[in-house]
Amino acid sequence: MSVLRSASSALARLVARRAKDQGQLGDNGSFAKRAASRSAVETSAGEAGEAGSVAAKAVSGSAGSAGSASAATRVRKSTSLWKDYKQLSKLRLSMLVTATATAGYVAASTDDIDWRGCGWTSLGTMLCSSAANALNQIYEVKNDAKMTRTAIRPLPAGRMSKAHALAFALVTGATGVYVLLDRVNGTTAALGGANIALYAMVYTPLKQISIVNTWVGAVVGALPPLMGWAGALGELDVGACLLAAGLYFWQLPHFMALAWMSRKDYAAGGYRMLSLVDPTGKRTAACALRNCMYLFPLGALSTWLGITSPYFAYESAFITAGMLLTAANFYARPSTGNARILFRASLLHLPVFMGAFLLHRIPNTGIERREVLMEHARLLFGGDGLGMTGGGGGQARASVRHPSIYRESKPDAGLADRKTWETRVLNPWIFPTPGGALRGAIGDFKQNEPDEEQ
């Protein structure tokens, strides 16, 4: 019995030990499962975090790209608007107009040019010209749309509304006139306002009515030099008219050549031009040739008026002769090619003419220019004039003294300055007129002629 109890007890302990071992294994399996589960959860959370981070970066990148695209769009719009304003104001034409006003200001100035005043005059002129050109395009939208040369402008192309263009014209025009009135003087401001009105209210509608529009447009183009002259002096004199005449006569060959080159375009746009009623081109070319001839005396007149030195008289004649030859060629053989040659010659003529004018200008000393002109006329057509004596040429050259026609612009203007001016302006030997040169030659001959009594 005791053996049996011992065997039963050993068997029971063995069974219990096995059960315990199985329980521990079960616990270890659950632990492994729980660990695997936690690892899977953590992995999923990490992947989710990484995905979220990637998504956040993608959203952030999209927002940045959208912002960059918006900025680029704004830049493009600003650039496009600036280009439209350039076309609306006809920037290159306005710059040319401004250059002629600047030339007028400098030509009318003394030795000490007021560059600040010149800058204000130029700015006001630029704004007035921009306003006039904008008003011109507002009026001619339908006409411009029919022409190849102008169909790409902002209004006919539909890139800008009429209201927008009108606002631009009002702002630039009002600002330009105000600048001229406040910073320069009333005469210049009045000329600026008159130029806007004449261009927008007379010349522009006349283009569709009569061929006379070209001559009216030439008057408009002749006003800016007067604005510059008035800006420097506060008034106009015969010197200002001479410079304006140069611009007037220059414009007609320039625009006649353009009218012949673009006659089909002008016909399509409904404009009235001389080239459209001139099948052969002879009338158009003759008008250009005549006005080139009218430019010839201006160099001599500017010298006789004391505006420029004698060198300009010769240079002006040489410069004008070049354009005259191209106009004569156009008249002899009217064609688009010859009209284009004249057009290019006119583009070269104006800056060279203006440059030579300013290079040889005589500073304005407040002289009575009409009296200077009369004195030179007396020199040319008879009489001793200008105090010339019957002695030799050397004595004649030294005897030029005319304080009566010299009005001092400054209280401290001295006799030396007066004599210098008289020698530069009034001495016929520096600028030999036929009469002055002939009398000087005769005087020299008489001085050296042997005495018959000897």
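In which loop is M147 found? M147 is found in the loop between α4 (141–145) and α5 (154–157), and this tour of a predicted model returns to that residue below.

**Before selecting anything**

The model is predicted: local features need pLDDT of at least 70, side-chain atom pairs count only at pLDDT 80 or more, and totals for chains, interfaces and linings use all residues. Residues are numbered from 1 along each chain as its sequence is written, and side-chain values use heavy atoms, with hydrogens and water left out.

**The whole chain**

Display the chain as a cartoon. It contains 18 helices and 0 strands; helices (H or I, at least four residues) and strands (E, at least two) are DSSP runs, numbered from the N terminus. Of the 454 residues in the chain, 43% are buried, where buried means under 20% relative accessible area, exposed over 50%, and partly exposed in between (1.4 Å probe, protein chains only). Contact means heavy atoms within 4.5 Å. Among contacts between residues at least 6 apart in sequence, 74% join residues at least 24 apart.

Next, colour by pLDDT, the predictor's confidence in each residue, from 0 to 100. The chain has a mean pLDDT of 78, with 65% of its residues at 70 or more. Residues 24–33 have pLDDT below 50, and this stretch has 1 contact in the model beyond near neighbours in sequence. Over residues 384–454 pLDDT also stays under 50, and the model has 108 contacts beyond four places in sequence for them. Where pLDDT is low, the predicted coordinates should not be read in detail.

**K90, between α1 and α2**

Select K90, in the loop between α1 (2–88) and α2 (91–107). Although K90 is not a glycine, it has a positive phi of about 50°. K90 has a relative accessible area of 17% and is therefore buried.

**M147 and its partners**

Return to M147 and show its side chain. M147 counts as buried, because its relative accessibility is 1%. Leaving aside residues up to four places away in sequence, M147 touches D265, Y266, G269 and Y271.

Move to L191 in helix α7 (residues 186–206). With a relative accessible area of 15%, L191 is buried. Its contacts, not counting residues up to four places away in sequence, are L226, M227, A230 and L236. V177 lies 14 residues from L191 in sequence and 9.1 Å from it in space, C-alpha to C-alpha.

Now select helix α8 (residues 213–233), which has 21 residues and reaches 31 Å from its first C-alpha to its last, close to the 30 Å expected at 1.5 Å a residue. The expected span of a helix is 1.5 Å times one less than its number of residues. Because 17 of the 21 residues of α8 are buried, the helix is largely enclosed by the rest of the structure. T214 is found in α8 and is buried, at 10% relative accessibility. T214 touches L252, F255, M256 and M273, residues up to four places away in sequence not being counted. Just after α8, G234 takes a positive phi of about 85°.

Select α13 (residues 310–332): its 23 residues should span 33 Å at 1.5 Å a residue, and its end C-alpha atoms are 33 Å apart, which agrees. Buried residues of α13 include P310, F312, A313 and S316.

Among the buried residues of α14 are H349, L350, F353, M354 and F357. The buried residues of α14 pack against α2, α9, α11 (282–294), α12 and α13.

**The final stop: a cavity**

Select L242, L243, G246, L298, G299, S302, F312, F353 and F357, which line the largest cavity. A cavity is a set of points, on a 1 Å grid over the protein atoms alone, where a 1.4 Å probe fits but cannot get out; lining residues have an atom within 4 Å of a point. Grid points are joined across faces, edges and corners, and a volume is the space filled by probe spheres set on the points. The count comes to 1 cavity of 30 Å³ or more, and the largest cavity holds about 40 Å³ of space. At least two lining residues come from each of α9 (238–261), α12 (296–304) and α14 (336–359). The lining has 6 nonpolar, 3 polar and no charged residues, with Ala, Val, Leu, Ile, Met, Phe, Trp, Tyr, Cys and Pro counted as nonpolar, Asp, Glu, Lys and Arg as charged, and the others, Gly among them, as polar.

Technical notes. 1 Å grid on protein atoms, 1.4 Å probe; cavity = no way out; pocket = protein on both sides within 12 Å on 5 of 7 lines; lining within 4 Å.
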